[in-house]
Amino acid sequence: MKFDTPATKNPIDRQKVVGQSTDRIEGPLKVTGTANYAYDWHDVAENPACGYIVGSSIAKGRITSIELMNARNAPGVISIVTARGAGELGKGQYNTAHLLGGPEIQHYHQAVAIIVAETFEQARAAAQLVRVTYEKSPGSFDLKAALGSAVVPKSSPDTKIGDFDGAYAAAPVKIDETYTTPDHSHAMMEPHASIAAWNGDKLTLWTSNQMIAWSVGEMAATLKIPRENIRLVSPYIGGGFGGKLFLRSDALMAALGARAAKRPVKVALPRPFIINNTTHRPATIQRLRIGATPDGKITAIGHESWSGDLAGGKPESAVKSTRTCYAGPNRLGMTRLATLDLPEGNAMRAPGDAPGSMAMEIAMDELAEKLGIDPVELRIINDTQVDPENPQQPFSQRQFVECLRTGAERFGWNERSVKPAGKKEGHWLLGLGVAGAFRDSPVAKSGARVRLDQQGVVTVETDMTDIGTGSYTIIAQTAAEMMGVPLSKVVVRLGDSDFPASAGSGGQWGANSSTSGVYAACVKLREVVAQKLGFGPGEVEFADGQVRQGGRNAPLADAAKDKELVAEDTIEFGDLSKQFQQTSFGAHFVEVAVHSATGETRIRRMLAVCAAGRILNPKSARSQVIGAMVMGAGAALMEDLAVDKRLGYFVNHDLAGYEVPVHADIPHQEVVFLDETDATSSPMKARGVGELGICGVSAAIANAIYNATGVRVREYPITVDKLIDHLPHAG
């Protein structure tokens, strides 16, 4: 499949609207407080009650009894639902039955009941009166202690190319190091929240969810009702980062509570519940072995990763990007999964690739030092234009080297001290660090519906979501470009399962896929309009609110003067993923200052250079990248879900204890997008960028700290206690 067509054949190539730095069209609604988030809808369900979830106070075991009498008699209480009264729940594709625990308990704060009352305060007060008696079972809460029982997960079999063991043993220069990353929280601003209302046997959910079609299917399977009986609405989402990809307990418990109370119910998870009840990025232990020739050519590269999850869960696939990032004929990838009785581990921004790069990109720096080769140059030496594990499959486009060279020049990399701890400014030790960024950018089936009314207004409907990424705007830009109208003539409606199913927001496929679905629907609408206006076969131009062919010209609105025109279509990509390795690339450069006496680390400058196909809206894309860079800084320096290994829960389960970066932590950030279009990726010729921005950031910071201090820390986060005893004498 190739979309490299002349501009007259593909209107997107004109870039009158697409590709321009456009303000977010829903921005005014958000800054004025008029955008309705899930818990804020006041007019969608009449007289909603409030639900409050009771969570398990143990991490593993069994409920032996639940005493509800006092709670039932508390003021305002309408109903209480537990597993016993909820009826049999289906598992769904993602084992959603575990969202309501009982009698078996799988993790701390697993929901065991919902209290429905007239007010939130009454529901919360009654929840404190529920008495649950448990029979505890021994649990596994320590990844390091569980390594011996870790297994090869079905989803991530070992990969072996060539003779890794032999090549590594024979390599003149080699490294063998272990790196660790801790558990991370998504820490999105908007909590998981839902309003549920039943009308007979039909359920409507107003919720905060990234993947509408997925979640409709999961809810249907869990409640064992037809999916056509469920409508899910999620027009505005205050951040997700993967934590809202799947059906969560707020939605299920709201639905169960509303069914029992026979009236709408709203539920929002408190912050401690979000961290211990929903999902998180799992901790990893990663071993990197790399062998190379004296001139820097990698001959052997082995990446092994261990992570943990609940029984039946999946691993953090930290070795994934290593399989394609650098050349090398002899390769080994091993993933091991341990059963841990901690809250569920699952996708968080750039799952696998983000923690994988935290290790891999330090290892590349360590190899560069052993070789005496500049870290930027080492990465360039080992560039590849084909998948190293499948040389017959080229990258659709790979300008990784250009990212490195552009970044090095713009950042002043030549001013870096080759010797660690070689540059000072008063009491501060200064250092520069670099890391490569790799993140797959697949495409997925995506549909849309477009309407043209008598005023020439184009309305787009798709269940695509906007999790703060700018979906409303790039979809509007696509429709405006295709139909030849200004943005003021486009209305975008998102996040409703009544609309055609889109790719959804996740996996870095959302922007490219969803706009391609809108493109397909607009192609069909253009055909309908041309036919309605009596234009003949051949090329028809849509521009400036007019439709033109040859010397004839007609207003676009005239096509709908009798009645609204509607077109709907879905784009599919066939075997594109088998023809090309679709990946976005980047390079991160960071300058840090480390205080020579206190070990305090300050980030002074950050630069990201990205190669991600056509950038649909540079302004919103930049926001995505700098936001990802902030998350990478948090992962490098502060974020760490502390596990109580006796009781099996995350201790710092709020934003007071779980530290994330604030404005004072982040300096000026610069983002550069290489000028490129990916003619094979889609009619938009774009690739994903929202998750690319986090990959490699943490390692670039770690490498900069080493360059500043000579202290190599391989255990994230890099906190003062890991530096201070090893800092060079301040003099």
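# Notebook: sheets, helices and salt bridges

The model I am reading is predicted.

**Entry 1. The five-stranded sheet.**
I looked up the strands around that pair. Strand β19 covers residues 428-440 and strand β27 covers residues 583-595. The two pair in the antiparallel sense, over 13 bridges. Next I traced the sheet they belong to. It is an open sheet of five strands, in the order β18-β19-β27-β28-β31. The pairing in this sheet is mixed. Which strands stand at the edges? I found β18 (424-425) and β31 (668-673) there. Each has a single partner strand, so one side of each is left without a neighbour in the sheet.

**Entry 2. Helices on that sheet.**
I then checked what packs on these strands. Helix α12, residues 400-411, lies across β19, β27, β28 (601-611) and β31. It runs at about 30 degrees to β27. Helix α16, residues 618-637, also packs on the sheet. It touches β27, β28 and β31. The direction of α16 makes about 130 degrees with that of β31.

**Entry 3. Arg 614.**
Between β28 and α16 there is a loop, and I stopped at Arg 614 in it. Is Arg 614 buried or exposed? I noted 6% relative accessibility, so Arg 614 counts as buried. Its side chain joins that of Asp 13 in a polar contact of 3.0 Å. Along the chain, Arg 614 and Asp 13 are 601 residues apart. Their C-alpha atoms are separated by 9.8 Å. I also listed what Arg 614 touches, leaving out residues up to four places away in sequence. Among them are Ile 12, Gln 15 and Val 18, and also Glu 676, Pro 683 and Arg 687.

**Entry 4. Gln 393.**
I moved to strand β17, residues 390-394, which holds Gln 393. Gln 393 has 7% relative accessibility, so it counts as buried. What does its side chain reach at 2.8 Å? I found the backbone oxygen of Ser 577. The backbone oxygen of Lys 578 lies 3.0 Å from a polar atom of the Gln 393 side chain. Contacts of Gln 393 include Val 386, Asp 387, Gln 579, Phe 580 and Gln 581.

**Entry 5. Salt bridges.**
How many salt bridges does the count come to? I have 44 in my notes. I looked at three of them by name.

Asp 383 and Arg 398 meet through their side chains at 2.7 Å, N to O. Asp 383 sits in the loop between α11 (375-381) and β16 (386-387). Arg 398 sits in the loop between β17 and α12, and the two are 15 residues apart. Arg 398 has 5% relative accessibility, so it counts as buried.

Glu 461 forms a salt bridge with Arg 449, with the closest N and O atoms 2.8 Å apart. Glu 461 is in strand β21, residues 458-461, and Arg 449 is in strand β20, residues 446-452. I checked the burial of both. Glu 461 is buried, with a relative accessible area of 2%. Arg 449 is buried, with a relative accessible area of 15%.

Glu 564 and Arg 451 meet in a salt bridge of 3.1 Å, N to O. Glu 564 lies in the loop between β25 (552-555) and β26 (565-571), and Arg 451 lies in strand β20, so the pair ties together parts that are 113 residues apart in sequence. I read Glu 564 as partly exposed at 39% relative accessibility. Arg 451 is partly exposed too, with a relative accessible area of 21%.

Then I looked for a wider link. Arg 449, Arg 451, Glu 461, Arg 493, Glu 564 and Glu 568 are linked in a network of salt bridges.

**Entry 6. Helix α13.**
I found 13 of its 13 residues buried. Just after α13, Gly 484 takes a positive phi of about 70 degrees.

**Entry 7. The three-stranded sheet.**
My last stop was an open sheet of three strands, ordered β4-β2-β6, with antiparallel pairing. The edges are β4 (104-105) and β6 (131-136). Each has a single partner strand, so one side of each has no neighbour in the sheet. Two bridges join β2, residues 61-67, to β4. Across that pairing, Gly 61 stands opposite Ile 105 in β4.

Technical notes:
Residues are numbered from 1 along each chain as its sequence is written. This is a predicted model: local features need pLDDT of at least 70, side-chain atom pairs count only at pLDDT 80 or more; totals for chains, interfaces and linings use all residues. Side-chain values use heavy atoms; hydrogens and water are left out. Buried means under 20% relative accessible area, exposed over 50%, partly exposed in between (1.4 Å probe, protein chains only). Helices (H or I, at least four residues) and strands (E, at least two) are DSSP runs, numbered from the N terminus. Two strands pair if DSSP finds at least two bridges between them. Contact means heavy atoms within 4.5 Å. Axes are lines fitted to C-alpha atoms, for helices over the stretch in contact, and angles run from 0 to 180 degrees between N-to-C directions. A polar contact is a pair of N or O atoms within 3.5 Å; within protein, one must be able to donate a hydrogen and the other to accept it, and residues adjacent in sequence count only if both atoms are side-chain atoms. A salt bridge is a side-chain nitrogen of Lys or Arg within 4 Å of a carboxyl oxygen of Asp or Glu.
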